[in-house]
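The following note sets out points for a colleague who is about to work with this structure. Please read it alongside the sequence and the coordinates.

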Amino acid sequence: MATTRRPTPGFLVWRLSLKWQAAVDRTVAPHGLTHAQYSLLASLRSMTWSGATPTQRELADQTGLDEIFVSKLIRTLEANALVVRSPHPTDARARQLSLTEGGIEVIDRAVVDVHDLLEQLTAPLGGLDDPQTNALVDTLQLLLDVPAPTKEEAP
């Protein structure tokens, strides 16, 4: 008689990530964005809310995305007139980022739609503001804060 094994946490996180990424992609597509572009714009909107002008490296650090990937995404967002890259005042290699008025309009509308989507996706836990959802967020953050093993440390 075969024993049914429970899925591993890694498998479940991977499946949930794929499911939610596809849902966010569908939600932001009417705004002319991909999920990755949305993530960058939403993070940039949050970082610039108080007037800050983060660099591409700071945005990459905030989002957890590779700096080269961020650079490619920013070039596309700049070509679409959603983001402006300007020279950094003290580092000739760095570029500071800001949203255009059009970028602010697009991301603000997209954030509302993604918030509504997240309410739907977390409904089984009681919604975004429910203690179960907060506990899930805390657990996921705890796992994200654990450094990944290096090549030498990996089994």
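**Notes on the predicted model**

1. Thr100 sits in the loop that connects β2 and α5. Its relative accessibility is 16%, so Thr100 counts as buried, the cut-off being under 20%. A polar atom of the Thr100 side chain lies 2.9 Å from the backbone nitrogen of Gly103. When neighbours within four places in sequence are set aside, Thr100 is in contact with Ala81, Leu82, Val83 and Val84.

2. One of those contacts, Ala81, deserves a separate remark. Ala81 belongs to the loop between α4 and β1, and its phi is near 60 degrees, a positive value in a residue other than glycine. Most residues other than glycine have a negative phi. In contrast to the buried Thr100, Ala81 is partly exposed, with a relative accessible area of 46%.

3. As to confidence, this is a predicted model, and the pLDDT of the chain averages 93, with 98% of the residues scoring at least 70.

4. The overall architecture comprises six helices and two strands, arranged along the sequence in the pattern α-α-α-α-β-β-α-α. The C-alpha trace spans about 65 × 40 × 25 Å along its principal axes. Of the 155 residues in the chain, 26% are buried. The accessible surface comes to about 10700 Å², and carbon and sulfur atoms account for 57% of that surface. Among contacts with a separation of 6 or more, 47% join residues 24 or more positions apart.

5. Which elements do the buried residues of α2 pack against? They pack against α1, α3 (56-63), α4 (67-79), β1 (83-87), β2 (95-99) and α5 (101-121). The buried positions in α2 are Gln37, Tyr38, Leu40, Leu41, Ala42, Ser43, Leu44, Arg45 and Thr48. The length of the helix can also be checked: α2 (residues 35-48) has 14 residues, which at 1.5 Å a residue should span 20 Å, and its end C-alpha atoms are 20 Å apart, in agreement with that value.

6. Val106 is located in helix α5 and is buried, with a relative accessible area of 11%. Not counting residues up to four places away in sequence, Val106 touches His31, Leu33 and Leu82. Leu82 is also among the contacts of Thr100. Between Val106 and Leu44 there are 62 residues in sequence and 13 Å in space, C-alpha to C-alpha; Leu44 is one of the buried residues of α2.

7. How many aromatic pairs does the structure hold? There is one aromatic pair. Its members are Phe11 and Trp14, in a tilted arrangement with 5.9 Å centre to centre and 45 degrees between the planes. The angle counts as tilted because planes under 30 degrees apart would be stacked and those over 60 edge-to-face. Phe11 and Trp14 are three residues apart in helix α1 (residues 9-28), so about one helical turn separates them. An α-helix has 3.6 residues a turn, and residues three or four places apart therefore point the same way. Phe11 itself is partly exposed, at a relative accessible area of 37%.

Notes: Residues are numbered from 1 along each chain as its sequence is written. This is a predicted model: local features need pLDDT of at least 70, side-chain atom pairs count only at pLDDT 80 or more; totals for chains, interfaces and linings use all residues. Side-chain values use heavy atoms; hydrogens and water are left out. Rings of Phe, Tyr and Trp (its six-membered ring) pair if their centres lie within 6.5 Å; planes under 30 degrees apart count as stacked, over 60 as edge-to-face and the rest as tilted. Helices (H or I, at least four residues) and strands (E, at least two) are DSSP runs, numbered from the N terminus. Buried means under 20% relative accessible area, exposed over 50%, partly exposed in between (1.4 Å probe, protein chains only). The expected span of a helix is 1.5 Å times one less than its number of residues. Contact means heavy atoms within 4.5 Å. A polar contact is a pair of N or O atoms within 3.5 Å; within protein, one must be able to donate a hydrogen and the other to accept it, and residues adjacent in sequence count only if both atoms are side-chain atoms. Accessible areas come from the Shrake-Rupley method with a 1.4 Å probe; for residues, only the protein chains shown count as cover. pLDDT is the predictor's confidence in each residue, from 0 to 100.
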